Amino acid sequence: MEKQQKSSHVVLVMETFQGHITPMLQLASILHSKGFSITIVHPELNSPNPSNHPKFTFISIPDKLTESQLSDKDAASPVWSLNKNCAAPLQQCLEKILHSLHHIAAVIYDTLMYCAQTITEDLGLLGIVLRTGSATTMLFYPAFSQLDEERIDFVYEIKSPELQALQLKRLRALLSQNATKAMTEVRVAFANVLKRSSAIIVNSMEFLELEALSKVKQYFPAPIITIGPLHKLAPAICSSLLTEDDKCISWLNKQAPKSVIYVSFASIVNIDNKQPFLWVVRPGMVRGSEWIESLPNGFKESVGERGCIVKWAPQKEVLAHAAVGGFWTHCGWNSTIESICEGVPMLCRPFFGDQHLNTSYICNVWKIGLELQNLERGNIERTIKRLMMDMEGNGIRNRAIDLKEKAAFYLMEEGSTSCSFNMLIKHILSV
Ligand code: UDX
């Protein structure tokens, strides 16, 4: 088996945003550790640094994305353009690899690079899609695209506690509001590739979304392989597009256990003036500002030792730090599972897309967080105290620890992750 894997070559087609680059590189590292050789094909925008991953071959393809497409408020617009512009170069690239290697065991592509599925079919290759968000998100695409409205309505009607607590119908209505043409087209494309792909890999753990997963499995014919949490399985790799600022770790070392709220999301708000905080403000995150110029004059100075503001943090290390007692997050899927794995309760402030669904899981199903709907100063203070200190939040904090333990067990030899990886390897080697 090992020898066979040594000669097996997997091509991964990467998408260009941070929340997608990281899980793809983690998957690549794990497959490499199992003996596969790896080529990563990626758009020019946000190219990963090959010197951080010397064992992989990187091939860049032109994406022709314009500034206006990238700054479009409609997040689907660059995804649509990316697929339109990358399809031909990706096809040529795969043909070239095939010509020189004579064999590609599988092409694993990000859902957002959906153009890859048709190309792999045309070349007679095994196409496998990587869903970097939760499995449950897959229930939405056929409904949005109205491919199978009746059947999806049936799924939403199922009387299971998990699905009811998720409020899928409400989320679906929320996400359907103001859907642009590009968004609808992208969703139709997602639904199509999820139906045509030979297997679907999901960076999740079965127990997190058990009920929804069984519905997803009924709906999509391909095997669904839940191989998360990838960040715990992959060797530590540097996948950040920005430089991580390690000084926040020495600052955390000086704080009391569970006293710090880690804030990482795209907005500017006030927080209580005694609460220690570590805040990530990505350069350019606040529209029209380079970094923190829009904070009140003297804010940074007045914070002193009580707060630490950085441009980018080593997030996994921060969440695992004993001083961190809460995570104020936009609820991206990677952040959500990274927080679960460290038992950190979450303060949720979703912005768009799957972040609303993840918030629903965190607050209504797993009950390990609170949603912050009202950004009024007093409300923020009360909610942080409830999450991190007050008796009222005990249940939330205990459940967060329980979920962390469940995740740790899942990762052990007798847990489900290793079975999933064996299933994936078998699938790749099956052709
Ligand atoms: C995007 C979408 O927003 C998200 O909803 C979707 O599920 C995936 O794609 P993103 O917004 O980047 O992702 O959020 P998230 O999925 O949480 O990924 C962010 C990654 O950046 C995490 O792995 C996190 O550890 C890392 N990060 C973040 C850092 O390493 N340092 C930081 O300072 C902030």
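**View 1. Helix 4 against helix 5.** In this predicted model, helix 4 and helix 5 (residues 115–122) pack with their axes 9 Å apart and at an angle of about 30°. Because an angle under 35 degrees counts as roughly parallel, helix 4 and helix 5 are therefore described as roughly parallel to each other. Their crossing is right-handed. On the side of helix 4 the contact is made by Asn-83, Cys-86, Ala-87, Leu-90, Gln-91 and Leu-94, and on the side of helix 5 by Cys-115, Ala-116 and Ile-119. Sorted by class, the residues of this contact comprise seven nonpolar, two polar and no charged.

**View 2. Helix 4 against helix 10.** Helix 4 (residues 76–101) also packs with helix 10 (residues 181–196), here at an angle of about 55° and with the axes 8 Å apart. The two helices are therefore oblique to each other, and the crossing of helix 4 and helix 10 is left-handed. Ala-76, Ser-77, Val-79 and Trp-80 are the residues of helix 4 that take part, and they meet Ala-182, Met-183, Glu-185 and Val-186 in helix 10. The contact of helix 4 with helix 10 divides into six nonpolar residues, one polar and one charged.

**View 3. Helix 9 against helix 17.** Helix 9 (residues 168–176) packs with helix 17 (residues 354–365) at an angle of about 160°, and their axes are 10 Å apart. Since angles over 145 degrees count as roughly antiparallel, helix 9 and helix 17 are therefore roughly antiparallel to each other. Helix 9 passes helix 17 in a right-handed crossing, and the contact involves Leu-171, Leu-174 and Leu-175 of helix 9 together with His-356, Leu-357 and Ser-360 of helix 17. Four residues of the contact of helix 9 with helix 17 are nonpolar and two are polar, with no charged residue.

View 4. Seven strands form an open sheet with parallel pairing, and their order is 3-2-1-4-5-6-7. Strand 3 (57–61) and strand 7 (224–226) stand at the edges, each with a single partner strand, so one side of each is left without a neighbour in the sheet. On average, and with direction ignored, neighbouring strands of this sheet are turned by 25° against each other. Within the sheet, strand 1 (residues 9–13) and strand 2 (residues 37–43) run parallel and are joined by five bridges, and Val-10 stands opposite Ile-38 in strand 2.

View 5. Strand 8 (residues 260–264) and strand 9 (residues 277–280) pair in the parallel sense over four bridges, and the bridge partner of Val-263 in strand 9 is Trp-279.

**View 6. Backbone geometry in two loops.** The peptide bond from Gly-228 to Pro-229 is cis, with omega near -10°, and Pro-229 lies in the loop between strand 7 and helix 12 (230–233). In the loop between strand 3 and helix 3 (67–70), Lys-64 has a positive phi of about 50° although it is not a glycine.

**View 7. The whole chain, for orientation.** The secondary structure of the protein chain comes to 20 helices and 13 strands. Along its principal axes the C-alpha trace spans about 65 × 50 × 45 Å. For 431 residues a compact globule would have a radius of gyration near 22 Å, and the 22 Å of the protein chain agrees with that expectation.

How values were computed:
Residues numbered from 1 in each chain as written. Predicted model: local features only at pLDDT ≥ 70, side-chain atom pairs only at ≥ 80, totals over all residues. Axes fitted to C-alpha atoms, helices over the stretch in contact; angles between N-to-C directions. Parallel < 35°, antiparallel > 145°, perpendicular 65-115°, else oblique. Left-handed = near helix turned anticlockwise from the far one by under 90°. Contact = placed C-beta atoms within 7 Å. Nonpolar A, V, L, I, M, F, W, Y, C, P; charged D, E, K, R; others polar. Pairing = 2+ DSSP bridges. Rg over C-alpha atoms; globule rule 2.2 N^0.38 Å.
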